[in-house]
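User: I would like to learn how to read the features of a protein model. Please take me through them one by one.

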Amino acid sequence: MANTACFMIVSKNDIPIYEAEVGTVPKKEDAAHQHQFILHAALDIVQDMAWTTSAMFLKAIDRFNDLVVSVYIKVIHTRLMLLHDSRNDDGIKSFFQEVHELYIKTLLNPLYLPGSRITSSHFDTKVRALARKYL
Amino acid sequence: MIRPPRWQKVYSKLEVDFSSKKRERCCKLDINAPDANFWDDLETKIMECIRNTLDRRIQFYEEEIRKLSEQRFMPVWNFCNFFILKESLAFMFEIAHLHEDALREYDELELCYLETGKQREFGGVEQGDDQATLLEPARKPLTQIVHDDSFREFEFRQYLFACQAKSMLPFCMREVWVITACLALIDATASHYKDGLAAPDVEKEFYRVQGEIYTLCRTKFMRLGYLIGYGSDIERSPVNSASLSMLPWPKPAVWPSLPSNASSEVLAKEKMILQDSPRPKHFGIQRKPLPLEPSVLLREANRRRASLSAGNMSELFDGRPNANDSSGPLSPLPKVNSVSMSRTFSSPGNFEGSIDRPMRLAEIYVAAEHALRNTISDVKLCESLSSIEEFEQKYLDLSKGAANNYHRSWWKRHGVVLDGEIAAVYHKHENYDFAANLYEKVCALYAGEGWENLLAEVLPNLAECQKIQNDQAGYLSSCVRLLSLDKGLFLTKERQAFQSEVVRLAHSEMEHPVPLDVSSLITFSGNQGPLLELCDGDPGTLSVTLWSEFPDDITLESLSLTLTATNNTDEGVKAIKSTEAIVLRPGRNIITLPLPPQKPGSYVLGVLTGQIGQLRFRSHSFSKGGPADSDDFLSYEKPTRPILKVANPRSLVDLAAAVSSALLMNESQWVGIIVRPLNYSLKGAVLHIDAGPGLRIEERHHFEIEKHEVGTQNMTNLDNPPENLSPVSTGVKQLTLEDGKIKLPDWTSNITSVLWIPLRAVSDGLAKGTPAGFKCLRLLRRTIAVHFTDPFHVSIRVADKCNDGTLLLQFLKDAGTFRYEYKTDRLSIKVILQSQVKASLAIYDAWLDLQDGFAHAGKGDGRPASSFFPLIVSPKSKAGILFSIYLAEAPAKDEAKELQPVSILNIKYTICGSRNLGAHTPVAEELSGPDNDKAEHLTFRSELVLQRPVLDPCLAVGFLSLPSSGLRVGQLVTMTWRVERLKALEEKVASDNLDEVLYEVNINPENWMIAGRKRGYVSLSTKQGSRIEISILCLPLVAGYVRPPQLGLPNVDEANISCNPPGPHLVCVLPPPLSSSYCVPA
């Protein structure tokens, strides 16, 4: 499992709708916003890359010292972004695919307003389990 | 001798196991009572051990190498073995930071390599071999190549060079190189492309690369700045922290040491460190500052110093010198010298004074600065690092360059983030105008994309700039935005500070008061549950849930909410206001607002406005019902639920008479009014009762009200009273009339009830009805018809004639006036009483007060002929009473004063009925007193008009019988009447015996056609008994029973004519005979 991994779902309006620290190393308190900052800046790159490729999985589009950002772009332009330090591309891809499915299930929930924050604890638990499995 | 303690035995055992004669491996420490020198001794011992070990190992290796080098010209000699030994030794020196020794070993290795003439093929084999991978010594696993004896000349030399160079690199060479290279590249490319670019894509890419280079350069520059003590000038923002804290420290072989003559610089740096206190953040926000270093510099620098004593940790971390410790940075402990390692060749840096006091932070800064001066050859860069002002200027330039280029490449996030850094510099230098503008940009980006964590870092800075600039509107809105950020991002204390700023400003005199949008802080929604439904014109109370995101109670001086009608938009919005101040608690509040009457329609909540102090605010957002999610940017997607529905005008209450059957005239009767609310509460309703003409309300009595039981009316007559007639459900309450109004009790507000009004119809005629007005803030006017009647309908027949068989009776009126033709002595009158009420009547007495000209026969008391009282008359049934009377002498005309024109029938009776059905026992007189018996018996009086008989019928007209064959349509028939004079006509005797009698035949022209004279005179003798026949030819026109033509004598008073048949009669007219002429066959 990755030491550092920050997973985030960004809606099509660039709003973060889900965020989870899924690394094994506990997040440092004083570095609270670093991961957010890196992922937010990576949106610039995603925005450029999205038009140049039809692939959904864009691996390692940005790197920040030892950390790498991988992105999974969905049809509705929701982006699954992962900041990680591991190099397990296959695992990351599988992780994205599974989370994608999970997200679609969430979308099917009639009580979930698309584009709003995902607060479901079930979703959270599942994502963390997937992170343990694949990352 | 004292027995040795137990640990002694354990220690002895350990010594036996581990120590040998050659090597003392066990060491005993008594830490029970360590004296001051104990730790020093320990340290010395440990160091001695390590040095001894290293010495021994080195001696061993050197011995081996010496042997091998002696044999190097012998055929069995293997360079690989030599290389491995030699490199191991060099590596060992490197570990021990004995770099000069290491370098010497590498040099010798190279020399030996050249001597042995083992040169191999030269040149690159793989991609990248032609490049000097100087800084990547581990690019190829060279040791492995050596093992395989397959290394190549170039690679080997390259490796050796790398190893040698590594030991000689100046401090921070890499950083300095990157900075200078970046700056050169930027200049070069910028000048190359200054004439414009070809394609937009290329241009964009160009700017992006420029931005990246700037950023890289900026990061390295910050790192250098931090190393020489300018860290306090670097904003601890997320971007700087992310860049620097993940960037490893430079790894020089040996951390630069402090030059001997630098004590004044150290003092200056220390002063700087002392003076540097972190700028307090606005609102008293206290955060652990974000790190700018990957690990603590103090430790890193001291760790990388050669042969540093572990020292005292507190001393290590105490960057600031205390009074005792400021004697001097370079005073090696005297005793250490005795144990210093006696390597003869090696003399790197300060290796000699091996056990050194750890460097303090200021010393590290100064040392780094000196080392950098040696490293940097670029004059400009040197200048930029020479003073803090220069540093800031360069830092600003680099940030601006990066930001501009990112903006041009459309990487707005990268650009805006750097704008924030520029703003921070301006902010620090109190250039608040620029700072605020740039901060605005940053905040707008983060807020627009909802990255609240990042927004929370910048927004307080913006607020501070706005406050200092006296931009009240901006400051207020920043405070509101701060308050509406996720609660976890700030402490409660900080949020309270935001709120107090808002409140403070709101109560101060603002120069340009602006409405404040608090949509994210105060949200509102209708209450859960069904919406408020009101009837047209009703006021109400609207209950609204307000969520306050303020951390403390907040007082709203006024509050108003607009209601928007959903059905018609042109109606505009209506505001409902709360007049008094409202204190909102944090979280959920339920407030109620008085709601004036609204037009019909359904309404949704519109905008919340109000005042905090003198500050007007607005809120547009509807809360989802929970405070958890404050995603106000999503609120527009929420469907708005109607909160109020005002129904179209309708009747709210139904008033109806409780009974439809008649009540007793002239008696006080209970008139029931069923008050049925129609889905509407009649709370506070007032009933106005206005008795109609001829009706009088018996105000002495209480009114009564009771619950209306459906089916009561039908059940009363049943033998088994049903359960719903239990006293509980039919509890009767008494009410009092005040000014013609009755206030309905509250318990009746939602149920159907019956109000009983004691009422008396005082007129003789039929009752006109009771108009009842219902007033419940709005007026409902309803007229209720009530039917009053006499208990009996009286009709009279002369039942018996005593001596004359030809009595002709003619009923003139149902009321009982009749006349008859012949004078009789005695006759019986049958009075037929028909009950008019739905109650059983018991007649106890009846007598007839006769008018003048009549007298009672028999006992003469006016009572009926036979006594059978009490006579019970069931509802709607008839009873007859027979009176016997005779004609008395007509009174003289002059006694007119006593003339009684009508006869009166008096009946004493009681009534037994239920007010739920109709007539009933009159409302008990309260003052009836002892003669209760009297009161119980009611008296009914009915007028009868008896006419004295007609004395002189002069003419008789008889209709002669028709032919027996019957009448047919179209067949002529002769109608014949016989007129007979019954009495001689005395007045006309003088003139002639004959009297001209005018006759007239009346027909219905639709039924009859007549031939002959319809009207004319006939002569009739004036003598009694003279008769004449008048005949006329008639043609029936229609078949059926029709009235025949009638003969009238217009000149003769009707009273003087006796007709036979006496009344109208019918004759049968047959249809015309079938005509066969059409049926004859041809």
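Analyst: Start with Arg1027(B), which is partly exposed at a relative accessible area of 47%. Buried means under 20% relative accessible area, exposed over 50%, and partly exposed in between (1.4 Å probe, protein chains only). This is a predicted model, in which local features need pLDDT of at least 70 and side-chain atom pairs count only at pLDDT 80 or more, while totals for chains, interfaces and linings use all residues. Residues are numbered from 1 along each chain as its sequence is written, chains are lettered from A and ligands numbered from 1 in the order in which they are written, and side-chain values use heavy atoms, with hydrogens and water left out.

User: With which residue does Arg1027(B) form a salt bridge?

Analyst: Side chains of opposite charge can pair when their charged atoms come close. The rule for a salt bridge asks for a side-chain nitrogen of Lys or Arg within 4 Å of a carboxyl oxygen of Asp or Glu. Arg1027(B) pairs with Glu980(B), and their closest N and O atoms are 3.3 Å apart. Because Glu980(B) lies in strand 37 and Arg1027(B) in strand 41 of chain B, the pair ties together parts 47 residues apart in sequence. Helices (H or I, at least four residues) and strands (E, at least two) are DSSP runs, numbered from the N terminus. Glu980(B) is also partly exposed, at 22%. Elsewhere, salt bridges with shared partners join Asp14(A), Asp44(A), Arg79(A), Lys412(B), Arg413(B) and Glu449(B) into one network.

User: How many salt bridges are there over all chains?

Analyst: The whole structure has 32. One of them involves Arg413(B) in helix 17 of chain B and Asp44(A) in helix 1 of chain A, so this pair joins two chains. The closest N and O atoms of Arg413(B) and Asp44(A) are 3.1 Å apart. Both ends count as buried: Arg413(B) has 2% relative accessibility, and Asp44(A) has 0%. In another salt bridge, Glu392(B) and Lys428(B) come to 2.6 Å, N to O. That pair links distant parts of the chain, helix 16 and helix 17 of chain B, 36 residues apart. Glu392(B) is buried at 11%, whereas Lys428(B) is partly exposed at 30%.

User: How much area do chain A and chain B bury between them?

Analyst: The size of an interface is often given as the accessible area lost when the parts come together. Here about 2,900 Å² is buried, 58% of it on carbon and sulfur atoms; the area lost is summed over both parts (1.4 Å probe). In residues, 30 of chain A are in contact with 32 of chain B, where contact means heavy atoms within 4.5 Å. The rule finds 3 salt bridges across this interface. On the side of chain A that touches chain B, strand 1, strand 2 and helix 1 each give two or more residues. Helix 1 of chain A gives the most, 12 residues.

User: Which residues touch the most other members of the largest nonpolar core?

Analyst: In soluble globular proteins, nonpolar side chains tend to be buried together. A nonpolar core is a set of buried Ala, Val, Leu, Ile, Met, Phe, Trp, Tyr and Cys residues joined through side-chain atoms within 4.5 Å. In the largest one, of 147 residues, the answer is Tyr446(B) and Ile522(B). Helix 18 (residues 432-449) of chain B gives the most to this core, 9 residues. Residues touched by Tyr446(B) include Phe37(A), His40(A) and Trp451(B). Another core, apart from that one, has 31 residues, among them Ala691(B) and Leu755(B).

Definitions and conventions
Buried area = accessible area lost by both parts, 1.4 Å probe. Lists of a residue's contacts leave out its neighbours within four places in sequence.
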